[in-house]
Amino acid sequence: MKRGWVVLRWLAALSSVPLVFSLVGASADEGRFVRVTAEDVNIRAGGSTETAVIGQAEYGESFHVLGTADGWYHVRIDATQTGWISAALVSETKRFGALQDEMETVEATASVVNVRGGASLLYEVVGQIQPGTSYPLLQRSGDWAQVRLPSERTGWVHTDYVRVAAAPTRDVAAAERARTGGEPPLASPASNSQNAPTATLRERTNLRSGPGLNHAVIRVGAAGHVYPILAQAGNWLQVALADGQRAWVANWLPTLSGSLATVPVQQTVLDSSLRGRTIVLDPGHGGVDVGAVGRRSGVFEKDLALSVSRQLYNKLQATGAHVVLTRPDDRFVSLADRVFLAESQRADVFLSLHFNTHHDPGLTGSMTFYYSPNGADRQLATVIQQELTATLGLPDLGARYGDYYVLRENSQTAVLVELGFLTNAGDEGVAQDLGRQERAAEGLFRALVRHLTP
Ligand SMILES: [Zn+2]
């Protein structure tokens, strides 16, 4: 019933037949609000994709509706600005901040809880959350929670080290600002530790934007200056500057005190590492096409594929890559439209996510298909199998040739991953476990970073 309504709604929104909304006119309808149900939704100057993009809305944000027309909502952005959002990307809520009624907050349960730039340990630590302070929870993605930090910044914390609670007030951040008369500072890593390791410069030293001589000099530190060490990567140390900025210094230049044993090691600095790259993630099936059905639980492949895709999307976001989902929610999208999206976006990678079936319920494992046997497709499929089976832990059924429409008709680098078998009881359990979904997304994430990083 509900699904049918959703399908009708988006068919109406996407087809040339416009949705007929009541026109509210110039005066605001005090009682209508919409909540954004997709990632990075464009806010436009008018009710058409031909008009200029004037802003973006995040998943879960809500807006006051001023009026509607032809499949678009006219919404209030702030005190002075209004804009238009496609009705396909929002849903109406009873009142503003309907999300906030259910809004959750996170609080640190360990003395040191790192905040990372993205939803993976591969991301660098950008700060820590303060014990005793509640931070609004924006979204969960597997074992990761995205929180709102002071100054409208956001970051990700691992849910093993936080407690999630219902928000005590409508807007925790605002309440906190009102209570303290200012914004709570975001602690710099290790700043609350007694013997935090430090680097003392022996002479005037270049401080760089990244861990290597190829990175820009952003400051020159004076001899005798002491900096807290935040992280290490190879032979480089990340230090905190007095103004809260971070910079990198070669570890052979300063005198070190304290132990580096507790300083987090960064394998890769991912922030901005995939800038300029485009990744199209394709959650298989959707809408009336449910895909495979779990043999024991009746779970739909379309829902599992979307869940893993969203987690992967969240992991990729902070790399600077342009990440596009062929469907942000439960809707039907034709195979041709999926390929068209990959080509029109000139995707560096098109990655289709699925779960498999087999007449033998004993068959278990992950496999990745490519169509073009030479070059990037096969290479990427191989890397995915390596990383995916390492993190997810299902048997490696290999990178294989597969004659699938979304691969065959695709001129971009394209692979199709079958994460596991919904006909196998073990795989089906893994597929439904949020933690294991996160492991799958992590493996795919690592593979994409490996494939796209020179
Ligand atoms: Zn499928």
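Okay, one term before anything else: two strands pair if DSSP finds at least two bridges between them. With that in hand, look at Val 115, which stands opposite Gly 127 in strand E10. This is a predicted model, by the way. Those two residues belong to an antiparallel pairing, in which strand E9, residues 113–116, and E10 are joined over 4 bridges.

Okay, zooming out. The chain has 9 helices and 27 strands. Of its 454 residues, 44% are buried. And if you take contacts between residues at least 6 apart in sequence, 69% of them join residues at least 24 apart.

Now the cores. The largest nonpolar core has 55 residues, and the members touching the most others are Ile 279, Leu 351, Ile 384, Val 415, Leu 444 and Leu 448. Which element gives this core its largest share? That's helix H9, residues 434–452, with 8 residues. Apart from that core there's another one, of 31 residues, and Val 113, Ala 145, Val 162 and Ala 240 are among them.

Back to Ile 279 for a moment. Setting aside neighbours within four places in sequence, Ile 279 contacts Leu 316, Ala 321, Val 323, Ala 347, Asp 348, Val 349, Leu 351 and Leu 448.

Next, helix H6, residues 376–392. It's 17 residues, and from first C-alpha to last it reaches 23 Å, close to the 24 Å expected at 1.5 Å a residue. Its buried residues include Leu 380, Ala 381, Val 383, Ile 384, Leu 388 and Leu 392, but also Asp 377, Arg 378, Gln 385 and Glu 387. In an α-helix there are 3.6 residues a turn, so residues three or four places apart point the same way. What covers the buried residues of H6? The cover includes strands E24 (349–356), E25 (366–370), E26 (396–401) and E27 (414–421), plus H9.

Last thing, confidence. Mean pLDDT for the chain is 81, and 81% of the residues reach 70 or more. Over residues 1–29, though, pLDDT stays under 50, and the model has 32 contacts beyond four places in sequence for that stretch. Residues 97–101 are also below 50, with 12 contacts beyond near neighbours in sequence.

Technical notes:
Residues are numbered from 1 along each chain as its sequence is written. This is a predicted model: local features need pLDDT of at least 70, side-chain atom pairs count only at pLDDT 80 or more; totals for chains, interfaces and linings use all residues. A nonpolar core is a set of buried Ala, Val, Leu, Ile, Met, Phe, Trp, Tyr and Cys residues joined through C-beta atoms within 7 Å. A residue is buried if 20 or more other C-beta atoms lie within 10 Å of its own, exposed if 12 or fewer, and partly exposed in between; C-beta atoms are placed from the backbone. Two residues are in contact if their C-beta atoms, placed from the backbone, lie within 7 Å. pLDDT is the predictor's confidence in each residue, from 0 to 100. The expected span of a helix is 1.5 Å times one less than its number of residues.
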